[in-house]
Amino acid sequence: MLDSLVVFAGIADLLTATEAPDLSLEIDGPCAAGLSPGEDNLICRAARALAKEAGCAPRAALRLTKTLPQAAGLGGGSADAAATLRLLGRLWGMGATDARAASLAVKLGADVPVCLAGVPARMSGIGETLAPAPALPPFGLCLANPGMPVPTAPVFAARRGPFSPPACLPQSWPDAASLAADLRRLGNDLEAPAIALCPAIGPVLAALAGQPGCLLARMSGSGATCFGLFPDPPAAVEAARALARPGWWCWGGGLAAQTWVVSSSKLPGSKFPGSNPP
């Protein structure tokens, strides 16, 4: 059973949809290399599933600008699938929050329901059970990835032993230091198997933890992206600049504003460890 605290970082892939006689997907952007626009793409799967549910033909020209690394533990693909459900729900007259889209989300992937909701949440079960997150204080977030994809399934397969019990979290934190102190008591049950499969995660964690002002460094989701918590967004931006090196993907800033842009994919989640994040 999953137990994750999910928040949404202020960086995203961008997905747009326009009317068209049939369904198509184009992909560009700095992290697009090797990403297939074919029918097995999660965006295409989401589009066809929604069309079937709506009883209409899957007609739309979709364009994805891929800004986030692939298989990175950030929920980027799930966020893109959630954006597809929202965009096409509106384009096909279903409404962006149609219950039919929500029913499809969990079938598409464990992170899709929380990305469809688009607000910080406590995620449990297989991703279908969402509860409000504790009230979050302002803080900075630095993301770093060693430039190596880590598919989720092998990480779960390599894990041994039971998951940790669900974490006990307060209703709110007064500041970033308190947030980090509580999360420091917890861990990510997938971190050890992910490092065994991708040893480069270890140096990323160490580099993040060594940045001035870093309050906590952990792996996000099933990796290989790691996150560092900082007192404020400017400190996180500075950390990302300091971490930049050939082959690494780094970003620093704050959380996403909780607003919708109809043509944008919902911002991907950095999964803070409750005890056993996905």
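Reply: In what follows, contact means heavy atoms within 4.5 Å. This is a predicted model, where local features need pLDDT of at least 70, side-chain atom pairs count only at pLDDT 80 or more, and totals for chains, interfaces and linings use all residues. Residues are numbered from 1 along each chain as its sequence is written, and side-chain values use heavy atoms, with hydrogens and water left out.

Me: What is the mean pLDDT of the chain?

Reply: The mean is 90, and 91% of the residues reach 70 or more; pLDDT is the predictor's confidence in each residue, from 0 to 100. Over residues 258–278 pLDDT stays under 50.

Me: OK, C214. Where is its place?

Reply: C214 is in the loop between helix 8 (201–209) and strand 8 (216–219). Helices (H or I, at least four residues) and strands (E, at least two) are DSSP runs, numbered from the N terminus.

Me: And does C214 count as buried or exposed?

Reply: Buried, because its relative accessibility is 19%. The cut-offs are under 20% relative accessible area for buried, over 50% for exposed and partly exposed in between (1.4 Å probe, protein chains only).

Me: Which residues is C214 in contact with?

Reply: Leaving aside neighbours within four places in sequence, C214 is in contact with L208, A209, G228, L229 and F230.

Me: Which residues of helix 8 are buried?

Reply: I201, V204, L205, A207 and L208. Looking down the axis of helix 8, these buried residues fall within an arc of 165°, so they line one face. That arc is taken from the directions from the helix axis to the C-beta atoms.

Me: What covers the buried residues of helix 8?

Reply: The cover includes strand 7 (140–145), helix 7 (191–197), strand 8, strand 9 (226–230) and helix 9 (233–243).

Me: Switching to the cores. How many residues has the largest nonpolar core?

Reply: It has 36, and L15, L50, L62, L85, L88, V112 and V114 have the most contacts inside it. A nonpolar core is a set of buried Ala, Val, Leu, Ile, Met, Phe, Trp, Tyr and Cys residues joined through side-chain atoms within 4.5 Å.

Me: What does L88 touch?

Reply: Not counting residues up to four places away in sequence, L88 touches A17, A47, L50, A60 and L62.

Me: Last one: how many bridges join strand 3 to strand 4?

Reply: Six, and the two strands run parallel; strands pair if DSSP finds at least two bridges between them. L23 stands opposite A60 in strand 4.
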